[in-house]
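Have the picture open while you read.

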Amino acid sequence: MFKVMIKRTAPSGKEKALLDLITQVRVMASGQEGYISGETLLSTGHPGEYLVVSVWDREIDWKKWCANEKRIALQAKIDALIGPTTTYTTYQYPHNIHTV
């Protein structure tokens, strides 16, 4: 399993517009091969900061989704709204970790 943490911060007054776009991206992602689930969280300590947790079967599935033209177009709308400040951090479960 492969997880992506996507962080975006909406300028004051643009929170609803950002949330609408985030929702559109997640709805589109849900139809992609390898997509498992996603959730959107709002920071309790940083106004307007959203964290999307996107769960994929494999990293290659996420990368294919990143290259999807419709996703790129929606991300461009997000960038136009908040600037190019979206950050992506990817995680996977550790394998072959040996303990003493």
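Leaving aside its neighbours within four places in sequence, Ile22 is in contact with Arg8, Thr40, Tyr50 and Val52. You'll find Ile22 in helix H1. Is Ile22 buried or exposed? With a relative accessible area of 3%, Ile22 is buried. Keep in mind that this is a predicted model, as you look at any of these values.

Now pick out Glu33, 11 residues along the chain from Ile22. The C-alpha atoms of Ile22 and Glu33 are separated by 19 Å.

Leu21 counts as buried, at 10% relative accessibility. What does Leu21 touch, once its neighbours within four places in sequence are set aside? The list is Leu74, Lys77, Ile78 and Leu81. Another pair to find on screen is Leu21 and His46: they sit 25 residues apart in sequence, and their C-alpha atoms are 19 Å apart in space.

**A buried charge**

Arg8, one of the contacts of Ile22, belongs to strand S1, which covers residues 2-9. Arg8 is buried, yet it has no salt bridge. Why does Arg8 have no salt bridge? A salt bridge needs a side-chain nitrogen of Lys or Arg within 4 Å of a carboxyl oxygen of Asp or Glu, and the nearest side chain of opposite charge, Asp79, is 6.4 Å away from Arg8.

Arg8 does have polar partners, though. Its side chain makes a polar contact of 2.8 Å with the side chain of Gln75. A second polar contact, this one of 3.3 Å, joins the side chains of Arg8 and Thr86. Not counting residues up to four places away in sequence, Arg8 touches a whole list of residues, including Leu18, Ile22, Gly48, Glu49, Val52 and Tyr88. Ile78 is on that list as well, and Ile78 also turned up among the contacts of Leu21.

**Salt bridges**

How many salt bridges does the structure hold? There are four, and here are some of them.

| Salt bridge | Closest N and O atoms |
|---|---|
| Lys16 and Asp20 | 3.0 Å |
| Arg58 and Glu33 | 3.9 Å |

Take Lys16 and Asp20 to begin with. Both lie in helix H1 (residues 15-29), four residues apart, which is about one turn of the helix. Lys16 is exposed, with a relative accessible area of 60%, while Asp20 counts as partly exposed at 36%.

Now for Arg58 and Glu33, which form a salt bridge. This pair links distant parts of the chain, 25 residues apart: Arg58 is in the loop between strand S3 (49-56) and helix H2 (59-66), and Glu33 is in the loop between H1 and strand S2 (35-42). Arg58 counts as partly exposed at 38% relative accessibility, and Glu33 is exposed with a relative accessible area of 55%.

Is Asp61 buried or exposed? Asp61 has a relative accessible area of 3%, so it is buried. Put together, Glu33, Arg58 and Asp61 are linked in a network of salt bridges.

**Stepping back**

Time to zoom out to the whole chain. The protein has three helices and four strands, and along the sequence they follow the pattern β-α-β-β-α-α-β. Its C-alpha atoms fill a box of roughly 50 × 35 × 20 Å, taken along the principal axes.

Of the 100 residues, 31% count as buried; Ile22, Leu21, Arg8 and Asp61 are among them. Residues 24 or more positions apart account for 68% of the contacts with a separation of 6 or more.

What about the surface? The accessible surface comes to about 6,500 Å², and 56% of that belongs to carbon and sulfur atoms. As for charge, there are 12 positive and 10 negative side chains, and the centres of the two sets lie 2 Å apart.

Methods:
Residues numbered from 1 in each chain as written. Predicted model: local features only at pLDDT ≥ 70, side-chain atom pairs only at ≥ 80, totals over all residues. Heavy atoms only, no water. Helix = DSSP H or I, 4+ residues; strand = E, 2+ residues; numbered from the N terminus. Buried < 20%, exposed > 50% of the residue type's maximum accessible area, 1.4 Å probe, protein only. Contact = heavy atoms within 4.5 Å. Areas by Shrake-Rupley, 256 points an atom, 1.4 Å probe, with all protein chains shown as cover. Lys, Arg positive; Asp, Glu negative; His and termini not counted. Charge placed at Lys NZ, Arg CZ, Asp CG, Glu CD. Polar contact = N/O pair within 3.5 Å; in protein donor to acceptor, adjacent residues only side chain to side chain.
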